[in-house]
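Good morning, and thank you for the time on today's agenda. Please look at the structure on the screen while I go through selected features of it.

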Amino acid sequence: MNLESHELEELKSKIGREPTSTELQIVAAEWSEHCSYKSSKKHLKMLPMDGPLVIKEKGYDSGVLDVGDGYVITAHIESHNHPSAVEPYGGAATGVGGVIRDILSAGTRPIALLDGLRFGDIEKDQHAKWLFKNAVTGIADYGNCLGIPTVGGEVEFDECYTNYAMVDVAAIGFGKKENLIKNHAKKGDLVVLLGGATGRDGIGGSQFASDSLESEDRSAVQIPDPFIEKLIIEAILEARNEKLIHAMKDLGGGGLSCAVSETADSLDIGIEMDVDKVHTRESDMHSDEIMISESQERMLIVTDSEKLIKLQDICKKFRIDCSVIGHVTFDNKMHVKKSGKTIANISTDIVANATLLDLPSKKPIYLENIENTKSFPLLSDYSEIMLILLASPNIASKIWVYGQYDHEVGIRTVVKPGYDASVLRLDNGKFLSIKIDGNPKQCYINPREGAIGCFEEACRNVVCTGAKPIGMLDHLQFGNPKDPEIFWTFLESLKGLTDFAKDFEIPCIGGKVSLYNETPKGSIKPTPVIGVLGLIDKTPLRIQKINSGDCLIMIGNTKDELGGSEYSEYIHKFIGGKCPVVDFSDSKKNMNAVLEIIKTELIKSAHDCSKGGLAVAVSELCMTNLIGCTVSLENVPGDKLDNDKILFSESHSRYLVTFEKKNLQNLEELLKKHNVSFKTIGEFGGESIQFTADSKPILDLSVDKAQKTWLNSLKEMVMHA
Amino acid sequence: MNVGVVVFPGSNCDRDMFHVLSDVFNLNVHYCWHAKPLPENLDAVVLPGGFSYGDRLRAGVIAAHSPIIQDIKKISEKGIPILGVCNGFQILVESGLLPGVLLKNDSLNFMCEWTNLTVENNKTPFTNQFELNQKIPIPIANGEGRYFVDDETLDQLERKNQIVFKYDQVVNGSSNQIAGVCNDDGNIVGMMPHPERAVESEINPHDNKPSSLIFESLLKKMDVNN
Amino acid sequence: MVDYCVHVTIENKPGISDPEGKTILNDLVLKGTHQNVSKINTAKMLKFTITENNKESAQSKVREICDELRIYNPMVSVVTIDAFDA
């Protein structure tokens with residue numbers, strides 16, 4: 001692990017002497033991109049982070065929202081892309097472990113996980129299939145063992161991830177406001193390391209995450225131990241109940257170096273510690289290795305000598321190790337000793353605050369003509385294309401994935417995976433709705449509008465359950481930021497997200513930046529992943545089964561926006577065209593209208609229209625309800641367009657609402673009042689999914705056949721061929 | 001009436017079971033930590049689901065060696081009702097309190113889904129309120145849930161009416177689609193599906209009444225005993 | 001050409017933790033009366049039956065298969081390959 005030469009000069013001038021080897025290791029870990037956010041931090045400040053429900057406290061690794069009646073929700077998102085690309089099982093599993101400890105650090109119990117997975121083309125690429133399969137097993141084995149339900153997520157395949165893996169994990173916590181850890185420390189307080197032993201695994205991981213993946217010859221692999229993580233969770237929550245914790249931090253990237261320096265810096269204290277006190281797995285570890293090891297399942301706790309005895313009793317009960325490694329001082333220094341001899345003594349302010357960069361940016365050349373549209377040959381029958389789309393890896397049902405995750409444990413899951421957003425019941429009678437969304441295909445064509453689209457899609461999903469969006473998590477994943485063209489796409493995405501968040505008054509409560517996501521063939525497509533949390537005060541929309549004679553209203557306009565669509569990319573292998581653009585005013589009107597009609601209980605279900613466009617959204621309703629539907633394309637709201645554009649365009653702000661015919665008039669009145677663009681486009685019944693244009697059928701597919709294809713396709717891709 | 005919920009390191013459905021027994025069925029519920037002796041005043045004991053000891057070596061085998069299992073054996077001989085759910089079932093099987101073994105599902109994957117059970121024995125303390133052959137929509141969530149016994153034992157189970165629940169269809173390759181069994185005396189019942197996840201209508205998308213009968217049966221039994 | 005039995009043992013590299021082995025040691029074996037056990041490592045074993053000219057080629061062929069098909073992940077695991085007369 002090395003500092004760049006100018007960084008070394010900077011360090012020398014700041015401390016006024018030559019750094020020791022341990023200091024060099026500590027600073028290199030903490031100044032890495034992964035820990036310091038040095039490339040992005042200046043710009044991230046643009047995101048709105050305050051709101052009426054946001055609770056802020058120094059040293060929190062997760063966002064905290066007040067959900068009323070003395071309860072809080074915590075949320076965070078992380079990725080584990082580089083480790084998962086070389087060892088998908090362990091990489092994905094330890095990714096889950098890390099984000100859970102961020103939730104735990106605030107003093108809340110983790111109650112749900114969501115994960116976003118992205119790989120290369122699993123239809124052609126055996127390696128992508130291997131990565132996918134093992135990442136899913138890793139997540140399942142970890143989350144299931146802990147008893148934290150994985151309630152949602154997304155899976156996407158794109159050639160830009162060939163030989164790579166994107167594993168994003170979001171975690172949600174819940175607890176009493178009075179139990180939140182108020183990070184503080186007094187002089188003489190003790191610093192305790194609790195959990196798994198420190199070993200050589202994961203040495204240099206944060207640095208690794210900040211390098212492009214050039215060779216597989218890395219040793220930064222971490223072994224997951226969900227059993228000890230479960231014991232840590234229970235031990236910490238018991239210690240929290242007993243008020244034994246003054247301050248707490250998870251050991252993540254950069255290991256002890258980062259946890260100690262960041263804790264000291266955020267609490268405005270110093271910490272003196274001795275590496276000999278750290279419980280290690282191997283007896284011959286060098287002190288520098290101990291300082292930067294990224295062994296999993298460890299927590300740093302600040303307590304006092306009286307409380308320590310109780311804390312040790314709890315650790316004994318759960319048979320987890322805990323070592324007093326140091327104490328709090330007031331010189332604001334991170335002072336590391338070995339056998340009483342100083343091996344590092346440096347201001348925490350210097351360690352924890354790398355000099356932030358202001359990297360140059362430049363609009364990429366590839367964007368100049370990418371939004372030029374291309375017309376595809378019009379067909380008289382789209383049935384076959386429809387079946388191909390339903391079987392395609394990005395659109396096929398993800399039941400093979402979420403069926404391996406325990407999504408019921410904790411008995412909170414009201415709306416299960418497979419619908420728009422998942423809904424959890426909370427102890428105060430309210431409900432939390434959550435969803436994460438990404439769309440690298442659109443973000444590649446238009447980094448700004450694509451990112452806004454991800455944000456709006458996650459909002460739409462949450463709105464479909466009857467929830468009002470109250471907070472956002474952003475995970476910004478890009479290639480090498482030193483490439484001005486890549487940095488430009490990062491900035492554009494960030495600006496787009498900022499504009500939407502400000503306009504809709506949805507605060508960003510947590511986030512993460514992951515850069516240097518490069519494959520041997522170059523950078524990944526811009527991959528922001530957005531999580532949205534929504535709150536339901538009374539009852540969520542209870543999805544009812546659709547029966548024959550029920551009607552379908554579409555809200556929102558369909559536009560000439562095939563860019564980045566599955567139809568364009570999967571069927572016609574064309575990357576380009578007009579990227580869908582969110583009209584903020586329409587978006588807001590439509591959200592409010594959908595929320596109100598859900599409240600009036602006039603509808604059976606609300607479904608967002610996104611990947612695969614209207615054709616796929618209608619098919620999903622038919623397949624999950626095992627009923628046919630006939631839709632007239634000329635009734636679809638929006639400009640007059642070619643049939644393929646109406647069927648497959650992925651325009652935003654669109655919703656499909658199903659209801660009993662007798663409610664039609666009431667619904668129409670309500671929607672008119674909201675001044676939204678809408679129309680009844682179809683009626684349910686029969687056994688086939690039918691679309692007509694000018695009274696002529698242009699798509700006709702048996703529901704049974706469509707459903708079997710859609711449900712089984714992904715499993716078959718993984719297990720066979 | 002006092003019910004104990006046994007907690008091992010790695011149990012993770014203990015809190016769910018506690019909530020259902022105490023908040024839905026108004027019982028006096030006590031967590032029983034595995035390293036402490038079992039309280040003496042219990043009228044029933046539940047071993048909840050989860051991953052005791054991380055399911056290492058084989059699901060349930062390490063917990064089956066806990067001292068508390070000896071206490072459970074002792075009270076089971078007095079006829080006190082004992083229910084093992086999921087990992088609790090695996091522990092009862094590994095400790096020899098119930099016949100058979102639980103193997104990896106034939107999909108080799110962890111499976112979390114809703115399924116339908118049929119009640120095969122309505123004489124146990126957990127099924128006395130059911131009609132014979134009544135259906136129960138209920139979720140499963142396990143990786144090692146495939147119940148296996150040899151043909152001879154299977155015959156014996158059938159003869160002695162020890163098969164309590166069967167799956168309605170082939171779910172994971174279990175012998176005769178068995179989802180739950182009881183001991184010879186009928187007071188110890190083990191089942192892979194999770195009734196505690198199905199008794200509240202808010203989180204049950206199908207019908208919560210059949211699963212509730214499992215606990216109502218226990219209430220009835222304890223009512224008779226007292 | 002004769003049949004050989006080739007045992008492939010896959011285990012974590014030295015220095016990489018083995019949580020399962022540790023749990024079996026601490027929570028099962030050492031809780032009993034067997035205090036003289038100091039370490040348990042878990043491993044996975046595959047038994048190949050392969051037709052080859054001699055033991056050496058049976059062994060090297062199986063190694064080739066393991067490498068080619070990623071039967072173990074060299075990032076975390078090592079394999080030991082032993083050939084026997086079938």
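This is a predicted model: local features need pLDDT of at least 70, side-chain atom pairs count only at pLDDT 80 or more; totals for chains, interfaces and linings use all residues.

Which residue forms a salt bridge with Lys588(A)? The partner is Asp503(A), and the closest N and O atoms of the two are 2.9 Å apart. Lys588(A) counts as partly exposed because its relative accessibility is 32%. Asp503(A) is also partly exposed, with a relative accessible area of 36%.

Let me place that pair in context. Over all chains, a search of the whole structure finds 61 salt bridges. One of these joins Lys525(A) to Asp158(A), with the closest N and O atoms 3.0 Å apart. Here too, distant parts of the chain are linked, the two residues being 367 residues apart. Lys525(A) lies in the loop between strand 20 (522–523) and strand 21 (529–536) of chain A, and Asp158(A) in the loop between strand 5 (150–157) and strand 6 (166–176) of chain A. Are these two residues buried or exposed? Both Lys525(A) and Asp158(A) are buried. They also belong to a network of salt bridges, whose other members include Arg118(A), Glu154(A), Lys441(A) and Lys611(A).

The side chains of Arg58(B) and Glu94(B) meet in a salt bridge, at 2.9 Å from N to O. Arg58(B) sits in the loop between strand 3 (44–47) and helix 2 (67–76) of chain B, whereas Glu94(B) is in helix 3 of chain B, residues 87–94, the two being 36 residues apart. Arg58(B) is partly exposed, with a relative accessible area of 39%, and Glu94(B) is partly exposed as well, at 24%.

I turn now to the contacts between chains, beginning with chain A and chain B. The contact takes 29 residues from chain A and 28 residues from chain B. Together the two chains bury about 2,400 Å², with 56% of this area on carbon and sulfur atoms. Which three residues supply more of the area that chain A buries against chain B than any other three? They are Phe227(A), Ile411(A) and Arg425(A), which supply 25% of that area. Arg425(A) also takes part in a salt bridge with Glu200(B), where the closest N and O atoms are 2.9 Å apart. In total, four salt bridges are found across the interface of chain A and chain B, along with 11 residue pairs in polar contact. Helix 7 (126–146), helix 9 (226–241) and strand 14 (413–415) of chain A each give two or more residues to the side of chain A that touches chain B. Helix 9 of chain A gives the most, with four residues. By class, this side of chain A has 12 nonpolar, seven polar and 10 charged residues.

The contact between chain A and chain C takes 16 residues from chain A and 13 residues from chain C. About 1,300 Å² is buried there, and carbon and sulfur atoms give 57% of it. One salt bridge is counted between chain A and chain C. It brings together the side chains of Asp27(C) and Arg319(A), at 2.9 Å from N to O. By class, the side of chain A that touches chain C has seven nonpolar, one polar and eight charged residues.

Two local features remain. Strand 25 of chain A, residues 655–659, has five of its five residues buried. Tyr655(A), Val657(A) and Phe659(A) lie on one side of this strand, and Leu656(A) and Thr658(A) on the other. In a regular strand, the side chains alternate between the two faces of the sheet. Strand 25 of chain A pairs with strand 22 (residues 551–555) of chain A in the antiparallel sense over five bridges. Strand 23 (residues 605–608) of chain A also runs antiparallel to strand 25 of chain A, joined to it by four bridges.

Finally, consider His194(B), in the loop between strand 11 (188–191) and helix 5 (209–225) of chain B. Why does His194(B) count as buried? Its relative accessible area is 1%, and the cut-off for buried is under 20%. The residues that His194(B) touches include Cys13(B), Val85(B), Cys86(B) and Ile138(B). Its side chain makes a polar contact with the side chain of Glu196(B), at 2.8 Å.

Key
Residues are numbered from 1 along each chain as its sequence is written. Chains are lettered from A and ligands numbered from 1 in the order in which they are written. Side-chain values use heavy atoms; hydrogens and water are left out. Contact means heavy atoms within 4.5 Å. Buried area is the accessible area (1.4 Å probe) that two parts lose on being put together, summed over both. Ala, Val, Leu, Ile, Met, Phe, Trp, Tyr, Cys and Pro count as nonpolar, Asp, Glu, Lys and Arg as charged, and the others, Gly among them, as polar. Buried means under 20% relative accessible area, exposed over 50%, partly exposed in between (1.4 Å probe, protein chains only). Two strands pair if DSSP finds at least two bridges between them. A polar contact is a pair of N or O atoms within 3.5 Å; within protein, one must be able to donate a hydrogen and the other to accept it, and residues adjacent in sequence count only if both atoms are side-chain atoms. Lists of a residue's contacts leave out its neighbours within four places in sequence.
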